[in-house]
Amino acid sequence: MRDNEVVYIAKAFAQQAQLDEAVNAVKQTLGPDVLRLRYTLGQDWSGESAIFFRIVLSDRASRRDQLLNATNQIATAIVERLQPLEQWGVLPYFNFRSQSEQAILQEEAWA
Amino acid sequence: MAYADDLLELAQHLANLEPTNPRQASLRRAVSTAYYALFHLLISEATLNWGRSELRSELGRVFEHGKMKHASVEKRSELNAHFGKNPPPSPELVISHHLHTVADTFIQVQQKRNDADYDTGKEWTRTDVLTQIDAVSAAFESWKAIRDEPVAQGYLVSLLGKRQRSE
């Protein structure tokens, strides 16, 4: 049986070099509390195209009284400047860890 | 909201169960519980509109995770487009920001719940877990601020999914 259904590929997957550039440009604007910004493209739990950000925060921004404000500001800035869904066709998800936690775990994916 | 509030409190307890070196099991259950706190908050608020209280629990089982996610993605996109037009400050704008907080948090923490429950290769940290719990706490506060607004009630209805009616 022939299947002529059009397969939609999100721009983020088709133009990864440009996405890299765009993410790096956004990283430059996020301030000193964002020590690392990495990402992976994939699918979320329901199969939708997604971008999973991994962000290492300074220990100062990771303090409990700063954490919500800091993570909200960072996520909002990335969404506004990168427009992951509108411009790249992927749903954004955010993962955070502190500088101290990453120093202990030494995960390459976050380095 | 008592059950949802209790779940959120439990999530916070689990996240801080071990002061140092938290166990992955504790962190994973904390994330999952935080999601279900928001999930049950929204469902209980929606079913409160059903006049026959004895049927609310049954009605609540109609809600599905996927449809709730889809509705939240649509609402967040709609609000992002609105914010992009730089609307002037107004009470309506404040309401929109609160609703954005609720919808966005639901999307984020739902994915986290899936990771926490099924992706055993993922290493959780307390920072990531507390980020989710704080976000859910903020979503609770935002919801309380707008729960009687028409746009908030419309969002609750949308969580049931799109209309599908054939001839």
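In this predicted model, B:N21 sits in the loop between α1 (2–15) and α2 (24–47) of chain B. Its phi is positive, about 50 degrees, although B:N21 is not a glycine. Most residues other than glycine have a negative phi. B:N21 counts as exposed, because it has 7 C-beta neighbours inside 10 Å and the limit for an exposed residue is 12 or fewer.

Chain A holds a residue with a positive phi too. A:Q106 is not a glycine, yet its phi is positive at about 50 degrees. A:Q106 belongs to the segment after α5 (99–105) of chain A. With 8 other C-beta atoms within 10 Å, A:Q106 is exposed.

The overall layout of chain A comes next. Five helices and three strands make up its secondary structure. Along the sequence, these elements follow the pattern α-α-β-β-α-α-β-α. Taken along the principal axes, the C-alpha atoms of chain A fill a box of roughly 60 × 25 × 25 Å. Chain A has 111 residues, and 31% of them are buried. Among the contacts in chain A with a separation of 6 or more, 65% come from residues 24 or more positions apart.

The three strands of chain A form an open sheet with mixed pairing. Their order is β1-β2-β3. β1 (34–43) and β3 (91–98) of chain A are the edge strands. Each has a single partner strand, so one side of each lacks a neighbour in the sheet. On average, neighbouring strands of this sheet are turned by 20 degrees against each other, direction ignored.

β1(A) and β2(A) run antiparallel and are joined by nine bridges. Together they form a hairpin, with five residues between the two strands. In the turn, A:G47 has a positive phi of about 90 degrees. A:Y39 has A:F53 in β2(A) as its bridge partner.

On the other pairing, β2 (residues 49–57) of chain A runs parallel to β3(A), and eight bridges join the two. A:F53 stands opposite A:F94 of β3(A). A:F53 thus takes part in both pairings, because it is also the bridge partner of A:Y39. A:V56 stands opposite A:R97, again in β3(A). Burial is marked in β2(A): seven of its nine residues are buried, so the strand is largely enclosed by the rest of the structure.

A helix accompanies this sheet. Helix α3 (residues 64–82) of chain A lies across β1, β2 and β3 of chain A. The helix runs at about 145 degrees to β3(A).

Attention now turns to helix packing in chain B. Two packed helices are described by the angle between their axes and the distance between the axes. The axes of α4(B) and α5(B) come within 9 Å and cross at roughly 140 degrees. That angle makes α4(B) oblique to α5(B). The crossing of these two helices is left-handed. From α4(B), the contact is made by B:H65, B:M68, B:K69, B:S72, B:V73, B:K75, B:R76, B:L79 and B:H82. From α5(B), the contributors are B:S96, B:L99, B:H100, B:A103, B:D104, B:F106, B:I107 and B:Q110. By residue class, the contact of α4(B) with α5(B) divides into seven nonpolar, six polar and four charged.

The contact between the chains was examined last. It takes 20 residues from chain A and 16 residues from chain B. On the side of chain B that touches chain A, the elements giving two or more residues are α4 (65–84), α5 (91–118) and α6 (126–146) of chain B. The largest share of that side, seven residues, comes from α6(B). The residues on this side of chain B divide into four nonpolar, eight polar and four charged.

Definitions and conventions:
Residues are numbered from 1 along each chain as its sequence is written. Chains are lettered from A and ligands numbered from 1 in the order in which they are written. This is a predicted model: local features need pLDDT of at least 70, side-chain atom pairs count only at pLDDT 80 or more; totals for chains, interfaces and linings use all residues. Two residues are in contact if their C-beta atoms, placed from the backbone, lie within 7 Å. Helices (H or I, at least four residues) and strands (E, at least two) are DSSP runs, numbered from the N terminus. Ala, Val, Leu, Ile, Met, Phe, Trp, Tyr, Cys and Pro count as nonpolar, Asp, Glu, Lys and Arg as charged, and the others, Gly among them, as polar. Axes are lines fitted to C-alpha atoms, for helices over the stretch in contact, and angles run from 0 to 180 degrees between N-to-C directions. Angles under 35 degrees count as roughly parallel, over 145 as roughly antiparallel, 65 to 115 as roughly perpendicular and the rest as oblique. A crossing is left-handed if the near helix is turned anticlockwise from the far one by less than a right angle, and right-handed if clockwise. A residue is buried if 20 or more other C-beta atoms lie within 10 Å of its own, exposed if 12 or fewer, and partly exposed in between; C-beta atoms are placed from the backbone.
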